[in-house]
Amino acid sequence: MDRIKLFCLPYAGGSSDFYRKWVKSLDENIFLYPLELRGRGGRYQLPFCNSIEEAVDDIFETVRNEIGTDRYAIFGHSMGTILAYELSRKLIDSGYCEPVHIFFSGRYPPHFVKETKLRHLMTDNEIIEDMTALGGMSGNLLKLTGLLKLFVRTLRADYKMIDTYRNVHPLEKYNFDISVLRGKEDAIFTGEDIDAWKEYTDKTCMIYEYDGGHFFLHDRMEDIAGIINNTLNRGQKCPMRVEGQYGQ
């Protein structure tokens with residue numbers, strides 16, 4: 001089977017470390033490539049990006065040098081979905097080959113404008129409460145003052161990028177299949193939002209819904225790996241909507 005690079009983009013407050021555990025569950029020819037944003041992980045000494053556009057410009061330089069003649073796909077969760085969309089548009093508009101597939105997880109489409117609170121302006125305690133309500137704050141982290149402070153700092157920077165993001169692109173449909181993943185109890189990405197993703201492709205939009213909230217993917221690693229393997233390698237056409245096909 002041909003080699004495929006899978007570029008993975010983080011959710012707010014996340015880093016490339018989350019995706020690295022997927023490597024054992026993906027087919028051997030799928031090369032996992034978690035992208036690290038500035039200000040975290042191995043790029044901790046660099047300043048945070050101030051906008052989605054700045055973050056995309058940054059990771060674009062890495063991705064365009066890695067594509068070569070390899071086929072590639074993109075996976076993004078929550079904030080990573082915005083990054084995946086903007087990165088794919090920039091690559092295509094710059095004349096690079098288009099991805100074979102994009103996996104959009106945990107967020108409504110870019111052209112949706114929702115009135116939400118400006119989370120980057122919240123207090124540290126409010127940010128902690130907000131992330132805890134979404135299920136993205138572990139009990140152990142709450143006990144580690146130093147790491148918690150760093151996490152909140154990262155979250156605030158990411159929230160600023162999300163809060164100030166506006167999609168300026170006309171809705172141009174992709175010429176390849178896409179997949180959309182969602183937790184059924186997700187308060188951010190509702191069931192009413194999900195079908196709108198079908199407007200983003202002239203091909204097939206495959207929808208996967210699972211029990212769980214915004215961070216359902218923490219408990220669904222094997223399921224998601226199964227979706228990725230099936231989609232990128234086996235060429236099997238999945239139904240338009242799949243509810244817990246893998247592991248339920």
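This is a predicted model: local features need pLDDT of at least 70, side-chain atom pairs count only at pLDDT 80 or more; totals for chains, interfaces and linings use all residues.

Select Pro 47 first: at 54% relative accessibility this proline is exposed, where exposed means over 50% relative accessible area, buried means under 20%, and partly exposed lies in between (1.4 Å probe, protein chains only). Pro 47 sits in the loop between β2 and α2; helices (H or I, at least four residues) and strands (E, at least two) are DSSP runs, numbered from the N terminus. Leaving aside neighbours within four places in sequence, Pro 47 is in contact with Arg 38 and Gly 39, contact being heavy atoms within 4.5 Å.

Residues are numbered from 1 along each chain as its sequence is written, and side-chain values use heavy atoms, with hydrogens and water left out.

Stay in that loop and pick Tyr 44, which lies between β2 (30-34) and α2 (52-67). Tyr 44 counts as partly exposed because its relative accessibility is 40%. Accessible areas come from the Shrake-Rupley method with a 1.4 Å probe, and for residues only the protein chains shown count as cover.

Time to go inside. Which residues touch the most other members of the largest nonpolar core? Select Leu 6, Trp 22, Phe 75, Leu 87, Phe 103 and Ile 228, out of 73 residues in that core. A nonpolar core here is a set of buried Ala, Val, Leu, Ile, Met, Phe, Trp, Tyr and Cys residues joined through side-chain atoms within 4.5 Å. Zoom in on Leu 87: not counting residues up to four places away in sequence, Leu 87 touches Leu 9, Leu 35, Val 56, Ile 59, Phe 60, Val 63 and Ile 74.

Next, Phe 104 in strand β4 (residues 101-105). Phe 104 is buried, at 0% relative accessibility. Beyond four places in sequence, the residues that Phe 104 touches include Gly 76, Tyr 174, Leu 181 and Trp 197. Phe 104 and Leu 181 are 77 residues apart in sequence, yet 6.3 Å apart C-alpha to C-alpha.

Hop to Ser 78, in the loop between β3 (71-77) and α3 (79-93). What is phi of Ser 78 near? It is near 55 degrees, a positive value in a residue other than glycine. Most residues other than glycine have a negative phi. Ser 78 is also buried, with a relative accessible area of 11%.

Another loop stop is Asp 177, between α6 (145-163) and β5 (178-183). Asp 177 is buried, at 19%, and its C-alpha is 7.7 Å from that of Met 206.

Finally, zoom out. The chain has 8 helices and 7 strands, and 55% of its 248 residues are buried. Among contacts between residues at least 6 apart in sequence, 80% join residues at least 24 apart. The accessible surface comes to about 11500 Å², 48% of it belonging to carbon and sulfur atoms.
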